[in-house]
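Biologist: Hello! Could you walk me through this one, strand by strand and helix by helix?

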Amino acid sequence: MRVDGRFRAAAHGRTRAAGRGRARTVALDREVRRDRGRAGGAGSGRGPLRPLRERTGIIGGMTSSLPLLPPNARVFVAGHRGLVGSAVARRLTADGHEVLTRGRADLDLRDAAATAAYLKDVRPDAVVLAAAKVGGIMANSTYPVQFLEENLQIQLSVIGGAHAAGVGRLLFLGSSCIYPKLAPQPIHEDALLTGPLEPTNEAYALAKIAGIVQVQSYRKQYGASYISAMPTNLYGPGDNFDLETSHVLPALVRRFHEAAAEGRDEVTLWGSGTPRREFLHVDDLAAACAVLLNTYDGDEPVNIGCGEDLTIRELAETVAEVTGFRGRLAWDTSKPDGTPRKLLDVSRLTSLGWKPGIPLRDGIAATYEWWREQS
Ligand SMILES: NC(=O)C1=CN([C@@H]2O[C@H](COP(=O)(O)OP(=O)(O)OC[C@H]3O[C@@H](n4cnc5c(N)ncnc54)[C@H](OP(=O)(O)O)[C@@H]3O)[C@@H](O)[C@H]2O)C=CC1
Ligand SMILES: C[C@H]1O[C@H](OP(=O)(O)OP(=O)(O)OC[C@H]2O[C@@H](n3cnc4c(=O)[nH]c(N)nc43)[C@H](O)[C@@H]2O)[C@@H](O)[C@@H](O)C1=O
């Protein structure tokens with residue numbers, strides 16, 4: 001069962017003069033290029049970069065007052081029916097932007113020609129790339145071909161198509177699994193490519209790393225104002241509750257709910273329960289994406305997390321309490337644990353003024369309520 005918490009308020013197609021939007025984004029692109037040239041390091045995001053005049057937020061650590069995403073911007077959210085895309089669409093709409101969407105039946109984002117044609121037609125001011133082949137530990141380790149190829153195809157289509165259409169601003173969403181399996185904790189963005197990856201999601205991680213390099217390459221070669229963010233494990237309304245393909249948190253909600261409803265006294269979970277994970281509510285993630293779109297224009301990816309983690313056993317105890325399951329936990333150690341720990345260093349993001357607002361227990365309770373209303 002894929003619970004459907006879908007974003008419906010989005011406008012389809014072109015509802016404003018596309019020519020105006022295009023002129024504005026191309027102008028921003030040129031301006032970014034010109035100023036980076038003066039700073040003497042195209043897209044490095046590190047050197048003594050000067051703030052862009054007027055519209056810019058944070059470039060190379062310097063700030064000015066106006067946001068990088070113009071007010072009332074037209075933003076194409078790719079993957080608007082998913083956990084992340086639906087939350088980002090809600091957030092951008094609440095912030096006064098116009099969210100453009102396209103369902104998979106009308107536009108398969110693996111199709112580069114169709115995606116480029118769509119983006120040229122609607123010419124958004126910005127793109128948020130939240131469409132991807134996504135899944136939990138078992139889905140990742142069972143279908144590495146799809147996780148590698150579909151994500152590479154989507155990234156090539158959307159990022160390349162956005163540039164060809166003159167889109168001036170793009171946010172690419174990666175994942176904390178891009179970092180080495182045994183990276184020092186908390187994991188700083190500089191840990192990228194410093195060690196071997198976790199085998200259960202290596203294919204997915206490599207596709208995401210390619211996406212980061214693609215974004216950096218468009219910055220370096222064309223001066224594009226494209227950025228990448230690396231979220232930790234997410235949860236919330238719109239999540240996937242399918243026990244075979246989901247991440248751990250929605251799986252536990254469903255397992256405990258069903259066990260409590262059926263009066264069972266034991267629930268079996270995967271692995272040893274000892275791995276540690278950091279969980280962020282998707283509405284906090286969406287707020288962080290809005291901050292990045294408005295203020296960040298650096299070359300380096302930005303971690304998005306809450307800065308705290310817990311063991312899977314501790315998570316299970318919390319979810320059991322929320323769902324009213326009072327029985328025993330059993331652990332199926334034939335199932336993989338995955339990486340032992342992946343707590344993100346979120347200092348780069350918090351320095352931009354963002355902080356999480358939804359405590360884990362409250363977020364789980366709200367997600368449980370949402371899921372029960374959907375089922
Ligand atoms: N969930 C998490 O814990 C985390 C997620 N992320 C990242 O956030 C992003 C979004 O993830 P999330 O929202 O959880 O994933 P979901 O599976 O909930 O949503 C993915 C969306 O992408 C769409 N999509 C997938 N393939 C295609 C395609 N070929 N053409 C058009 N649309 C397509 C799906 O469409 P449809 O609805 O039709 O299936 C869906 O709307 C991903 O990049 C992921 O890596 C990062 C860290 C953690
Ligand atoms: C976001 C992130 O998500 C994935 O990495 P992951 O964090 O390892 O994934 P997960 O949420 O599926 O599991 C977390 C932990 O929980 C344990 N666990 C117990 N019981 C269940 C259970 O019932 N289901 C699941 N899925 N896990 C369970 C499980 O064994 C593991 O130890 C990748 O897709 C990766 O690519 C990625 O980006």
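Predicted model: local features only at pLDDT ≥ 70, side-chain atom pairs only at ≥ 80, totals over all residues.

Biologist: Which residue of β7 does L171 stand opposite?

Modeller: Residues are numbered from 1 along each chain as its sequence is written, and chains are lettered from A and ligands numbered from 1 in the order in which they are written. Strand β6 (residues 169-173) pairs with β7 in the parallel sense over five bridges (strands are DSSP runs of E, at least two residues, and helices are runs of H or I, at least four, numbered from the N terminus; strands pair if DSSP finds at least two bridges between them). In β7, the residue opposite L171 is I227.

Biologist: What is the handedness of the crossover from β6 through helix α6 to β7?

Modeller: Helix α6 (residues 202-222) links β6 to β7, and α6 lies across both strands, at about 160 degrees to β7. Right-handed would mean that, with the strands pointing away from the viewer, the path from the first strand over the helix to the second runs clockwise. This β-α-β crossover is right-handed.

Biologist: Which residue of β12 is the bridge partner of A229?

Modeller: Strand β12 (residues 302-304) pairs with β7 in the parallel sense, over three bridges. The partner of A229 there is V302.

Biologist: How many residues of β7 are buried?

Modeller: Buried means that 20 or more other C-beta atoms, placed from the backbone, lie within 10 Å of the residue's own. S225, I227, A229 and P231 point one way, Y226, S228 and M230 the other, and all are buried. For β7 (residues 225-231), the count is seven of seven.

Biologist: Which strands are at the edges of the sheet?

Modeller: The open sheet has six strands in the order β4-β3-β5-β6-β7-β12, with parallel pairing. Its twist averages 25 degrees from one strand to the next. The strands that pair on one side only are β4 (98-100) and β12.

Biologist: Are α7 and α9 parallel or oblique to each other?

Modeller: The axes of α7 (residues 248-262) and α9 (residues 312-323) come within 9 Å and cross at roughly 45 degrees. Angles under 35 degrees count as roughly parallel, over 145 as roughly antiparallel, 65 to 115 as roughly perpendicular and the rest as oblique. The two helices, α7 and α9, are therefore oblique.

Methods: Buried ≥ 20, exposed ≤ 12 C-beta atoms within 10 Å, placed from the backbone. Axes fitted to C-alpha atoms, helices over the stretch in contact; angles between N-to-C directions. Contact = placed C-beta atoms within 7 Å.
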